[in-house]
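Notebook open, model loaded. I'm jotting down what I look up as I go.

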Amino acid sequence: MKKHNFSAGPCILPQEVFTKSAEAILDFNGSGLSLLEISHRSKDFVAVMDEARAIVKRLMNLGDDYEVLYLGGGASLQFAMVPFNLMKSENGKAAYLDTGTWAAGAIKEAKKFGTVDILGSSQESNYSFIPKEYTADSSYDYFHCTSNNTIYGTQMKEFPKVDTLMVCDMSSDIFSRVVDYSQFDLIYAGAQKNMGPAGVTLVVVKKSILGQTGRDIPSILDYEQHISKESMYNTPPVFPVYATLLTLQHLENNGGIAAAEARNTAKAALLYGEIDRNPLFETFCVPEDRSVMNISFKLLDESKKEAFESAWKAAGISGLNGHRSLGGYRASMYNALPLESVEVLVNVMKSL
Ligand SMILES: *Cc1c(COP(=O)(O)O)cnc(C)c1O
């Protein structure tokens, strides 16, 4: 029986994506060949890559001033590629928001390229909120933020107006809510949270911001190289790209981002409602910054721990343990998670 999968990533995808990608592994487009054994330069795969790039711009409502890339190396590689491509080689300076483990990881890498100013940090309160009072002026090469903090369960509800380039790590809430994507100059997201299987990272970048740093960038790390080769500078991760395309087609065919947002809001309201009502549970973060995607929470009565854990396991729930750095529980409720799974969890919480 299919489990109720609350895993933080890799994570649940639409069932249709599993079925269709399994079919493509056996026989791709009736070609008598597997998706895994054809050239990435073949007509059939080039069509996949073209559509996988085009659908992102349609969903994000972006024009031709943006390029879409599918790269390897995970979102973690972007922690280094962003400063390599955007921070000036002389007196380079960038502004970062420190909102969690992943933001801190991005900061650590950027420091290897130049000066990093941290405009706000909630580290001392164990990342329980999103810092809000700050400005990024034009002396910075760019500003970097993390839209959703996968581990701590916080999410930026609004994005600041900055006087420099705006870069965002959207790994864990991309395509989950209606956002004006054109306020960003560069967006990146590891696919395995809300978009596809592990192994590919989406990068959406405004072409005009590139080539300004004076740095000699290794080709494989240079966005301009990847753009000029239409995201096939080297052999792309063909299977993750195909499965991501299927996920995005599923999203487009089911009402797009607005409909996904409505479903996600309903799921989050149901679970937060129970956490707030039930004296046994509490979130780790302040109410105004609560994430709609990853709900991290704790059980306040240790004596109920065993009962809770055996009850959710018996109910067919998987992937509810919190991240090792925070403890407690984490319900990751990405686009593909049905409301029914949240109802099952809430019923278990009520029964304690
Ligand atoms: C998971 C995650 C990452 C790291 O992604 P990898 O693809 O494993 O490198 C970075 N940022 C955020 C917000 C994440 O949730």
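Where does Phe175 lie? I find Phe175 in the loop between strand E8 (165-169) and E9. For my labels, helices (H or I, at least four residues) and strands (E, at least two) are DSSP runs, numbered from the N terminus.

Ground rules before I go on. This is a predicted model, where local features need pLDDT of at least 70 and side-chain atom pairs count only at pLDDT 80 or more, while totals for chains, interfaces and linings use all residues. Residues are numbered from 1 along each chain as its sequence is written, and side-chain values use heavy atoms, with hydrogens and water left out.

Is Phe175 buried or exposed? I get a relative accessible area of 1%, so Phe175 is buried. My cut-offs are under 20% relative accessible area for buried, over 50% for exposed, and partly exposed in between (1.4 Å probe, protein chains only).

Asn29 also has a positive phi without being a glycine, about 55°. I place Asn29 in the loop between H1 and H2. Asn29 counts as exposed because its relative accessibility is 55%.

I also looked at the peptide bond from Gly9 to Pro10, and it is cis, with omega near -10°. Pro10 sits in the loop between strand E1 (4-5) and helix H1 (15-26).

**Ligand and Lys193**

Which residues come nearest to the ligand? Of the 13 around it, I note Ser76, Thr150, Asp169, Gln192 and Lys193. Here a residue is near if one of its heavy atoms lies within 4 Å of the molecule. Helix H3 (residues 74-86) gives the most to this shell, with four residues.

Next I read off the polar distances; a polar contact is a pair of N or O atoms within 3.5 Å, and within protein one must be able to donate a hydrogen and the other to accept it, with residues adjacent in sequence counting only if both atoms are side-chain atoms.

- For Ser76, a side-chain N or O atom is 2.6 Å from an oxygen atom of the ligand.
- For Gln192, a polar side-chain atom lies 2.9 Å from a ligand oxygen.
- For Lys193, a polar side-chain atom lies 2.7 Å from a ligand oxygen.

The protein covers 88% of the 390 Å² of accessible area that the ligand has on its own. That area comes from the Shrake-Rupley method with a 1.4 Å probe; for residues, only the protein chains shown count as cover.

I checked the record for Lys193: UniProt, in an unreviewed entry, places "modified residue: N6-(pyridoxal phosphate)lysine" there. UniProt positions are in the numbering used here, feature names are shortened, and annotations may be inferred rather than shown by experiment. Lys193 lies in the loop between E9 and E10 and counts as buried because its relative accessibility is 11%. Beyond four places in sequence, Lys193 touches Ala8, Gly9, Cys11, Thr150, Ser171, Ser172 and Tyr334. Contact here means heavy atoms within 4.5 Å.

Ser332 is in strand E14 (residues 329-332). At a relative accessible area of 0%, Ser332 is buried. Its side chain joins that of Asn294 in a polar contact of 2.9 Å. Among the residues Ser332 touches are Asn5, Phe6, Ser7 and Ala8.

Asn335 is in the loop between E14 and helix H9 (339-351). I see a polar contact of 2.8 Å between the side chains of Asn335 and Asn264. Asn335 also touches Phe175, including among its other contacts Ser176, Asn194 and Met293.

**Helix H2**

Why does the length of H2 agree with expectation? At 1.5 Å a residue, its 18 residues (43-60) should span 26 Å, and the end C-alpha atoms are 26 Å apart. The expected span is 1.5 Å times one less than the number of residues.

The buried residues of H2 include Phe45, Val48, Met49, Arg53 and Lys57. I find the buried residues of H2 packing against strands E2 (66-71), E9 (186-190) and E10 (201-206), plus helices H6 (238-253) and H7 (256-277). Just after H2, Asn61 takes a positive phi of about 60°.

**Last look**

Ile227 is in helix H5 (residues 223-228). Ile227 counts as buried, at 13% relative accessibility. Its contacts beyond four places in sequence are Glu67, Leu69, Val205, Lys207 and Leu210.
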